[in-house]
Amino acid sequence: MHIFTAFLTGLIFGVGLIISGMTNPSKIIGFLDIAGVWDPSLLLVMVGAITVSYFAYRKASALARPLLGDEMQLPKSREVNRRLVVGSLIFGAGWGLAGYCPGPALASIATGAHEPIIFVIAMIAGMAIYELMELFFNWK
Amino acid sequence: MIDWANFTPWASLAGGLLIGLATSIFVLLNGKIAGVSGILGSLIRPVKKDILWRLAFLSGLVLAPLAYGLFAVLPAARIEANSQLLIVAGLLVGLGTRYASGCTSGHGICGLARLSPRSLVAVIAFMSTGFVVVYIMRHLIN
């Protein structure tokens, strides 16, 4: 059952991304172009998603365990460190270059367009580079 | 100046609410954070008991345009980047999100909804370089 709800989560998440316009890279670039003609749509996506999620996480923190699982697996780290900042700066640069972040890119690879496929293959390669750095160079 | 021609407040708000519904289902039923980069990236060196649910989540995400297509015509996507740029961007996004333990979903939505100071720092950082890169691409190069 928890496998099915994971599938359902991905499906609803993806449909939400499509409806909100976030699978269109030119809308992302339009949001990031604050010096040009600015498209604030992404802000409203965040407002909608965060408002609903806020109540869910509040409810979740009061639960001893999730309805279909043994334990709540919420991040415990509270440390603002170099990894977090440098990693996010790198991510933002890539995000601005193409207008894709991981969710919308994955929700676009079955549309028939070749660009998201190229992006996703490169993104997985980037993730693999991270794993190698962590594994062999004890990258922290 | 607001781009009124492309601004889609209601559709974006509605899509956002749906994304919120998805993250809510995932935390209340499965007890997990809907962070796309972590769910995908952790499959590279997988923990056996986590493989199936990760694949299930990703399958749902990938199949979303097909499900959407059953009811309506998919909205057009305009991609300005050429192949070389897509590759560089993909590498940076893959590396950066894993190093930072999260992307727009994990930090931008789930993290901010949990009022995590870490995620707020991440969002400010990735939006900053996003703004700078788009400024360079749109206003300095072109």
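Predicted model: local features only at pLDDT ≥ 70, side-chain atom pairs only at ≥ 80, totals over all residues.
Biologist: How many residues does helix α6 of chain A have?

Modeller: Happy to start there! Helix α6 of chain A covers residues 115-136 and reaches 32 Å from its first C-alpha to its last, close to the 32 Å expected at 1.5 Å a residue. After α6(A) comes A:N138, with a positive phi near 50°. The helix itself has 22 residues.

Biologist: Which residues have the most contacts inside the largest nonpolar core?

Modeller: That core has 84 residues, and its largest share, ten residues, comes from helix α3 (residues 41-62) of chain A. Leaving out residues up to four places away in sequence, A:F119 touches A:A98, A:Y100 and A:A105, as well as B:L86, B:A89 and B:G90. The residues with the most contacts inside the core are A:F119 and B:A89.

Biologist: What share of the residues in chain B is buried?

Modeller: Good one to ask! Chain B has six helices and zero strands, and its C-alpha trace spans about 50 × 40 × 35 Å along the principal axes. A residue counts as buried if 20 or more other C-beta atoms lie within 10 Å of its own. Of the 142 residues in chain B, the buried share is 54%.

Key. Residues numbered from 1 in each chain as written. Chains lettered and ligands numbered in written order. Helix = DSSP H or I, 4+ residues; strand = E, 2+ residues; numbered from the N terminus. Expected span 1.5 Å × (residues − 1). Core = buried A, V, L, I, M, F, W, Y, C linked by C-beta atoms within 7 Å. Buried ≥ 20, exposed ≤ 12 C-beta atoms within 10 Å, placed from the backbone. Contact = placed C-beta atoms within 7 Å.
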